[in-house]
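This report walks through one protein model, from its overall layout to single residues. Keep the sequence and the coordinates open beside it.

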Amino acid sequence: VVESDSLAPGAEEPGRPAAMGIHAERGYGLGFIGDHILSLLTFLPLLGVIAIFIAHIVGYSDDKKLRTLTVIIQGVNLVLACWLFWKFDTSFTKMDGNDGYQFIEHGVWIRSLHIEYFMGVDGVSISMVFLTALISFVGALASFSVNDQLKGYFAMYNLLVTGMFGVFVSLDLFMFYVFWEVMLLPMYFLIGIW
């Protein structure tokens, strides 16, 4: 707890606590990638969606290469998730700081509504992140049987993966809700069409 023992001008009591809790920062390695691994895991599939959208706009007709792009993106995500799982410290508890969350990314998103860009993983969500990466990669490989409307399929697939990762790493309720809704739209189309 950080407190001020000086009196504010015109005040009769010492200042109130300015902050409570423990903030722990740890270096995880890999530089920028290690510091922002949750954002990379979450938004890398979104780059696949953008690439597919651009391919559609320019009239790219070799849809089978989009399948390979999706497998590569999911493979990179699986490698990042394996590194994340390997670097996760199981002895790090609530008493060590950050309420037991690791790999935290925290910033103000919409200040007027007190909405934050707040990501982190704990012992349960780290397992869900790893399983999501593994299943997403296997699902991308299993998608080789899809032959209809490949651009739409792989765009929805990548968007679904973005939503799933976002749900498991969000620590802000509004951010969780946004990712939950992002996840529902592609699921509706993937189930309804393919």
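## Elements and conventions

Helices (H or I, at least four residues) and strands (E, at least two) are DSSP runs, numbered from the N terminus. L173 belongs to helix 6. The protein chain holds six helices and two strands. From the N terminus on, their order is α-α-α-β-β-α-α-α.

This is a predicted model: local features need pLDDT of at least 70, side-chain atom pairs count only at pLDDT 80 or more, and totals for chains, interfaces and linings use all residues. Residues are numbered from 1 along each chain as its sequence is written, and side-chain values use heavy atoms, with hydrogens and water left out.

## Surface and contacts

Accessible areas come from the Shrake-Rupley method with a 1.4 Å probe; for residues, only the protein chains shown count as cover. The protein chain has an accessible surface of about 11,600 Å². Carbon and sulfur atoms account for 66% of that surface.

Buried means under 20% relative accessible area, exposed over 50%, and partly exposed in between (1.4 Å probe, protein chains only). Of the 194 residues in the protein chain, 37% are buried. Contact means heavy atoms within 4.5 Å. Take the contacts between residues at least 6 apart in sequence: 68% of them join residues at least 24 apart.

## The nonpolar core

A nonpolar core is a set of buried Ala, Val, Leu, Ile, Met, Phe, Trp, Tyr and Cys residues joined through side-chain atoms within 4.5 Å. The largest one has 36 residues. Touching the most other members are I37, L38, L41, L84, F103, V121 and V129. At least two core residues come from each of helix 2 (37-57), helix 3 (63-87), strand 2 (115-121), helix 4 (123-142), helix 5 (150-169) and helix 6. Helix 5 gives the most, with 11 residues.

Is helix 5 enclosed or open to the outside? Of its 20 residues, 17 are buried, so helix 5 is largely enclosed by the rest of the structure.

I37 touches L80, W83, L84, F103 and E105, not counting residues up to four places away in sequence. F103, one of these partners, is found in strand 1. F103 counts as buried because its relative accessibility is 3%. Its phi is near 55 degrees, a positive value in a residue other than glycine.

Q74 lies in helix 3, and S136 lies in helix 4. Both are buried: Q74 has a relative accessible area of 0%, and S136 has 1%. They are 62 residues apart in sequence, yet 6.3 Å apart in space, C-alpha to C-alpha.

Leave aside neighbours within four places in sequence. Q74 is then in contact with P45, S136, F137, A140, Y157, N158 and V161.

## Rings

Rings of Phe, Tyr and Trp (its six-membered ring) pair if their centres lie within 6.5 Å; planes under 30 degrees apart count as stacked, over 60 as edge-to-face and the rest as tilted. The whole structure has nine aromatic pairs. Which geometry does the pair of W109 and F174 have? The ring centres are 5.9 Å apart and the planes stand at 65 degrees, so the pair is edge-to-face. W109 is in strand 1 (residues 102-110) and F174 in helix 6 (residues 173-193), so the pair links distant parts of the chain, 65 residues apart. W109 is partly exposed, at 41% relative accessibility. F174 is partly exposed too, at 37%.

Y153, F154, Y157 and W194 form a cluster linked by ring pairs. A charge sits over a ring if NZ of Lys or CZ of Arg is within 6 Å of the ring centre and within 35 degrees of the ring normal. R67 places its charged end over the ring of F144, 5.1 Å from the centre.

## Exposed positions

H114 lies in the loop between strand 1 and strand 2. H114 is exposed, with a relative accessible area of 69%. It has a positive phi of about 60 degrees although it is not a glycine.

L173 counts as exposed, at 68% relative accessibility. L173 and I115 are 58 residues apart in sequence and 8.3 Å apart in space, C-alpha to C-alpha.
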